[in-house]
Each structure stands twice: as structure tokens, then as C-alpha cells.
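Please look over the chain displayed below before reading the notes that follow.

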Amino acid sequence: MLTKAREDVASKQAAYSAALKNSRIAVLVPCYNEQHTVGRVVADFRSVLPSTEVYVYDNNSTDGTITIAREAGATVRRERRQGKGNVVRRMFADVDADIYVMVDGDGTYDASSAPEMIAALAEGQLDMVVGLRVDQAEAAYRFGHRFGNRMLTGFLSSMFGQQFQDVLSGYRIFSRRFVKSFPVLSGGFEIETELTVHALELMLPTAEITTPYYARPPGSVSKLNTWRDGFRILGTIFKLYRTERPLHFFGIGGLCLALVAIALSVPLAITFFETGLVPRLPTAVLSTGLMISALLSVSSGLVLDTVTRGRRELKMLMYLSQSTHWSFEGDRK
């Protein structure tokens, strides 16, 4: 069994070496109080990705995370603003590379999968490869988090028409084009959703590759809260629908208001044609106000849809302005 595992790692290393040559690869590790795991994470990635730089970005840890990361050989930097989204913003702005490997510092992701994921990114000329988590223990992936992930994944699929199976995975490989064209707006754990939407919004080439997902080791505590982050996911779904599909969002609202206005006005219209009178003036005023609100809602959706299209075009122009410096073996054949 051990021999088979070593052969698998060796084959992944070979694919990694054949796909890339002279490319700068950076491993980015956001951390907050991960002294029990960060040392092993740094050591594992330095082992499977030799000659790459491992950056640990500490987010106000109060334990020994910084010291252990430095002792393991990582370049340690700090981000004072709390939240994973703020850390990712700083990492993407500071680090210059051709390929970026982003992984959580909690020791739950498999470092030996990185060469295969990098090879897939390079050979397929992709912009993002997501590690599709396959839990190795029941405690690795709690039911609440799994349910929230499926709900958000289904929503994104219905909105953008492309199927992702794990939009909340923290294990991802990016091209330089992706990183330098990505405007980080969220401050917390919504960052994974925002990364996925950026790829879907610009129709960038992406892929998912299965990778083992392990439970946290003893002493390591998850920073996620099922209920709090569940409501945060619901809020993210609402905001995404409003910002990425404003015509649908405000159009549906306008249609509902118009239907209520029509339902209220029909009896008034019948009475008026029969008697020539409008006996319920407040109802008539309410119906008029609702119809005006419906028209304003649809108009707002049209305007915001134009703004969204313009914002998407600017992102694409920024993406196209970034050059790739990969050396593909296949390009020389």
C-alpha cells in the first residue's frame, strides 16, 4: 500500500515537471491560530513543490503560528484586518508569480494533490483548478457545512448554467491572469464564493480535481460556525442574485408589485364603468402607487443590468491585459 502511494506521488511529480518549466509558483497559506497544523502544511508543500516559495499570511494569530511557520521555512507576512477575504486581497496584491496555489493552513487538505492540479492547470491552459473535497473521515466535513455548500452550489449552477460540485473549497490553483484581474470585495469566508463567481462571470476555463479532505488534528479548532456561516451563505446568495442578475431580481419584484396593483384596481374599474364613481379612493391611490413602484423597479433593473455588463467588460479587459509566462511542453511539439 505504501509503495502504491509513493508511486502515485512520483507520477504526480512527473506530470508537474513535464507540464511546467521555469514557471514561478507561489503557495499562499492564510492562517489564524493554526499553530498545531501550519508547520506540517508548510513542510508538506515544500516537499511536493520543490523550489517554490511558501507564503504564510497571518491574520492576528494569538498563538505560535508565526514562529512555527518561520521555523518550517515559510515567508511570513501579516494582515491586520480580520477576515479571510482581507487576507486573500493582501496575498493577491503582494505576491508576484505565474501560478498560485492557495490552501488553508488547517492541515485538512492533501499537499500531494498539488502537482496534479498544477499540471492540469498548465496542460489545459486553465485559469482555476478547484480541489473537489472527498472527506476521509466523518468528522472532516460537518453536515451543516455540506448542506450549505450544496445549496450555494445549486444556486450558482442555476444562475450561471455551469456545474461546480464544491464552490466552498479552500484548495485552489490560479493562473496569474485570474489573480491579477480579481477584485476582492468580500472580507470573510465568502471569498471562495466570490472566486467562483469571478470565473463563471467571465466564462474562464476551470476544472475540479478530487483531493482527499481530512479531519483536523487534535488541538486544532475550526473557525467556522454552522449557523452563523449558514446565514452568511444565504446573504451571499441574495447579494449575488441582486448584483449579477439585477434585471431578473428587480424585474421579478416589479412583476409582483404590478400584479398586486392590477388585482386591487380591477374591482375599482368595474365599479367605475358601472356607476361612474370611484368609492374607494384610498385603494385607488394604493393601486396607483404600487404600479409606479413596479415601473421604477423594472427601470432600476434595466439600468443596473447595463452597469453590470460594463463592470464585466472591465474585468475581462483587465484579465486580457495580464500576460502568462508559462512554458508548455506541448507548445513546442
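How many bridges join E2 to E3, and do these strands run parallel or antiparallel? E2 and E3 run parallel and are joined by 4 bridges, where two strands are taken to pair if DSSP finds at least two bridges between them. The model is a predicted one, in which local features need pLDDT of at least 70 and side-chain atom pairs count only at pLDDT 80 or more, while totals for chains, interfaces and linings use all residues. Residues are numbered from 1 along each chain as its sequence is written, and side-chain values use heavy atoms, with hydrogens and water left out.

**Overall make-up**

- The protein has 11 helices and 7 strands, these being DSSP runs numbered from the N terminus, with helices (H or I) of at least four residues and strands (E) of at least two.
- Of the 333 residues of the protein, 46% count as buried, a class that means under 20% relative accessible area, with exposed meaning over 50% and partly exposed lying in between (1.4 Å probe, protein chains only).
- When contacts (heavy atoms within 4.5 Å) are taken between residues at least 6 apart in sequence, 79% of them join residues at least 24 apart.
- The protein exposes about 16,700 Å², of which carbon and sulfur atoms supply 60%; accessible areas come from the Shrake-Rupley method with a 1.4 Å probe, and for residues only the protein chains shown count as cover.

**The sheet**

- The 7 strands form an open sheet in the order E3-E2-E1-E4-E6-E5-E7, and the pairing is mixed.
- At the edges are strand E3 (75–78) and strand E7 (206–213), each of which pairs on one side only.
- From one strand to the next the twist averages 20°, with axes fitted as lines to C-alpha atoms (for helices, over the stretch in contact) and angles running from 0 to 180 degrees between N-to-C directions.

**Strand E4 and its partners**

- Strand E1 (residues 25–31) and strand E4 (residues 99–102) pair in the parallel sense over 4 bridges; in E4, Val-101 is the bridge partner of Val-27, and Met-102 is the bridge partner of Leu-28.
- E4 and E6 run antiparallel and are likewise joined by 4 bridges, with Ile-99 standing opposite Ser-175 in E6.

**Helix H4 and Arg-89**

- H4 lies across E1, strand E2 (53–58), E3, E4 and strand E6 (172–175), and it runs at about 155° to E1.
- Arg-89 has its place in helix H4 (residues 84–94), and it counts as partly exposed because its relative accessibility is 24%.
- Leaving aside neighbours within four places in sequence, Arg-89 is in contact with Arg-81, Val-184, Leu-185 and Ser-186, and its C-alpha atom is separated by 9.6 Å from that of Val-179, 90 residues apart along the chain.
- The side chains of Arg-89 and Asn-86 are joined by a polar contact of 2.7 Å, meaning a pair of N or O atoms within 3.5 Å, where, within protein, one must be able to donate a hydrogen and the other to accept it, and residues adjacent in sequence count only if both atoms are side-chain atoms.

**Helix H8 and Glu-192**

- Glu-192 is found in helix H8 (residues 191–201), and it counts as buried because its relative accessibility is 4%.
- Not counting residues up to four places away in sequence, Glu-192 touches Lys-84, Val-167, Leu-168, Ser-169, Gly-170 and Arg-172.

**Loop residues with positive phi**

- Asn-60, found in the loop between E2 and helix H3 (65–71), has a phi near 70°, a positive value in a residue other than glycine; at 25% relative accessibility, Asn-60 counts as partly exposed.
- Met-203, found in the loop between H8 and E7, has a phi near 55°, again a positive value in a residue other than glycine; Met-203 is exposed, with a relative accessible area of 71%.
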